[in-house]
Amino acid sequence: MRQMAAPSGRPPRPGSRTGPAAKGRNPAEPAARAAHFVRPRSYAAIDLGTNNCRLLIARPQDGELVVIDAFSRIVRLGEGLHLSGRISDAAMDRTVAALAICADKLRRRHVSLSRAVATEACRRAANGVELAERVRRETGIVLDIISPAEEARLAVLGCHNLMEPGEGPALIFDIGGGSTELMHVDVSNHDVQIHDWISVPWGVVSLTEHAPLPDDSLAGRQAAYAHMREVTRTAFAAFAGRAEQFAGQELRLLGTSGTVTTLASVFLNLPRYDRRAVDGLVVPTDAMRDISRRLADASIADRADIACIGRERADLVVAGCAILESIIDLWPAARVGVADRGIREGILRTLAMQGRDVPVTRREYRK
């Protein structure tokens, strides 16, 4: 179909098929080739945890990876797992629905390379492989059920550049839904080395189910919290013994998890969660302890009324507080660094740059 001249009466654009020159064009002459368009390569990382399903999609730009899309949903994959040893049908349904959204984003963003990992809930569940097979069948996503060592490595790769500068021993911790990892690291250079690490099967979901409230009285809440503290203190005992060699030194501490970002939000008294305010924040350890104990004493209803906790986290945040306090006990740093980054950023780095020290930058992305 012929293109008509613009109604303004301006002459046709050069190369258009209107005007006298077009009439003499040989029909057999090949049309001018359109300029070749090369779509920038995109990478994606999916982290299916015991409580959350999270996605990041990023694209290389000027020596860094810029996030162009993200997704997060609480799926409570590990709900009831501590008692039954299995992932429930309802939790499977919630997880597959969330991953279907992720799969749609991968297609729409033309992702060329991706990795999806599943952690403690799938490692522990008798039907974890069954979930992975259903996810592949219904969404096309291939879930890699990773080891605790790989989980620790990816978390460190994703957040180590937020460690406070200094020469003192450095610890990175990741409080998850079903497990917690502690990593003694060397971040004195651009790269990072893990000198020692431990993974224990206690996260905010598994510990909450292990130490249920006898009742929602103050005494009942305090008893449950004391039990959580004892469980985690025992779980960390071997690592704590090795950490005694650093007594008296200026320790550095960095946390990546929903627990530390939530407590940082409470510390800042944010009306709603703001990643830009939280990621990279440094909070005095005493303030973290004070917030933890206040939340442990509060009723579930009172916790739910706190803007950055809400109903979805009100029953789980106390277990995170107990784990955090036990970490501070064995690694008594003066301050706690806060990272809203971790496994997904670690995956993106390994996909795009083979783990080299390339920053993953969060900017405003188009929805």
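Author: Gladly, and please keep in mind that this is a predicted model. Let's begin with helix 6, which covers residues 148-159. With 12 residues at 1.5 Å a residue, helix 6 should span 16 Å, and its end C-alpha atoms lie 17 Å apart, so the two values agree. How much of helix 6 is covered? Mostly covered is the answer, as nine of its 12 residues are buried. The buried ones are Glu150, Glu151, Ala152, Leu154, Ala155, Val156, Leu157, Gly158 and Cys159.

Now to a pair of helices. Helix 10 (residues 258-268) and helix 15 (residues 317-330) have axes that come within 9 Å and cross at roughly 100°. Angles of 65 to 115 degrees count as roughly perpendicular, and therefore helix 10 and helix 15 are described as roughly perpendicular to each other. From helix 10, the contact uses Thr259, Val260, Thr262 and Leu263, while helix 15 brings Val317, Gly320, Cys321 and Leu324. Sorted by type, the residues of this contact are five nonpolar, three polar and no charged.

Is Ser292 buried or exposed? Its relative accessible area is 1%, and since buried means under 20%, Ser292 is buried. Leaving aside residues up to four places away in sequence, Ser292 touches Tyr225, Leu263, Cys321, Leu324 and Glu325.

Definitions and conventions: Residues numbered from 1 in each chain as written. Predicted model: local features only at pLDDT ≥ 70, side-chain atom pairs only at ≥ 80, totals over all residues. Heavy atoms only, no water. Buried < 20%, exposed > 50% of the residue type's maximum accessible area, 1.4 Å probe, protein only. Contact = heavy atoms within 4.5 Å. Helix = DSSP H or I, 4+ residues; strand = E, 2+ residues; numbered from the N terminus. Expected span 1.5 Å × (residues − 1). Axes fitted to C-alpha atoms, helices over the stretch in contact; angles between N-to-C directions. Parallel < 35°, antiparallel > 145°, perpendicular 65-115°, else oblique. Nonpolar A, V, L, I, M, F, W, Y, C, P; charged D, E, K, R; others polar.
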